[in-house]
Amino acid sequence: MTRSASLDRQTKESKVHVEVDLDGSGLADVSTGVGFYDHMLASLARHALVDLTVLTEGDTHIDAHHSVEDTAIVLGQALREALGDKRGIRRFGDALVPLDEALVQCAVDVSGRPYCVHVGEPDGQAYASIGGDTGPAYAGSLTRHVFETLAFHAQIAVHVRVLSGRDPHHLVEAQFKAFARALRDAVALDPREGGVPSTKGAL
């Protein structure tokens, strides 16, 4: 069974190509025009053990928003396609991830029902500006939007809870790593599960 997908999306604001292999080894080839976001997506791939290719060309001369959002849309759609009928997966995953002073908890349910709960970021994180020396900066407000977008387009439930943290970079990176580890467990194949892990028989 091949659990992979390749998708393209083009609008007047961006052109996005995403390839994902759920049974990869964490290889990443990512270029979105937003350096810090590239770092986060590469970290997601590495810690989810998902092979990921992302090539995004967007209107970064305006700001990072469209490129970040549109990449998350296509990534979510690719995850959904790669999961197929979800037969044999564990379905649920959770992780508690520290990064220096930051600590983040994430839980994922590959439910077929999109939902996102994102809480706990400290006051001011939404106004943080990260990176941007050689391109557009990543706004702290984008993190919640990325997870909401991923959840909707992948049709999964995502709960992210920031328990502590101060450094804006650490706060975002711990969230991406926690999501990656939770997703890794949720999409993993369970040798004891012969069907779809739901009493309804479908996810």
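The model is predicted, so local features need pLDDT of at least 70 and side-chain atom pairs pLDDT 80 or more, while totals for chains, interfaces and linings use all residues. Residues are numbered from 1 along each chain as its sequence is written, and side-chain values use heavy atoms, leaving out hydrogens and water.

Let's start with the open sheet, whose 4 strands come in the order β5-β6-β10-β7 with mixed pairing. Strands (E, at least two residues) and helices (H or I, at least four) are DSSP runs numbered from the N terminus, and two strands pair if DSSP finds at least two bridges between them. At the edges lie β5 (92–99) and β7 (115–119), each pairing on one side only. On average, neighbouring strands are turned by 10° against each other, direction ignored.

Now look at β7 and β10 (residues 157–164): they run parallel and are joined by 5 bridges. Here Cys116 stands opposite Val158 in β10. Helix α3 (residues 142–154) packs on the sheet and touches β7 and β10, its direction making about 160° with that of β7. Contact means heavy atoms within 4.5 Å; axes are lines fitted to C-alpha atoms, for helices over the stretch in contact, with angles from 0 to 180 degrees between N-to-C directions. Helix α4 (residues 168–187) lies across β5, β6 (102–109), β7 and β10, running at about 150° to β5.

Finally, turn to helix α2 (residues 65–83). Because 14 of its 19 residues are buried, α2 is largely enclosed by the rest of the structure; buried means under 20% relative accessible area (1.4 Å probe, protein chains only). After α2 comes Gly84, with a positive phi near 60°.

Definitions and conventions
Buried means under 20% relative accessible area, exposed over 50%, partly exposed in between (1.4 Å probe, protein chains only).
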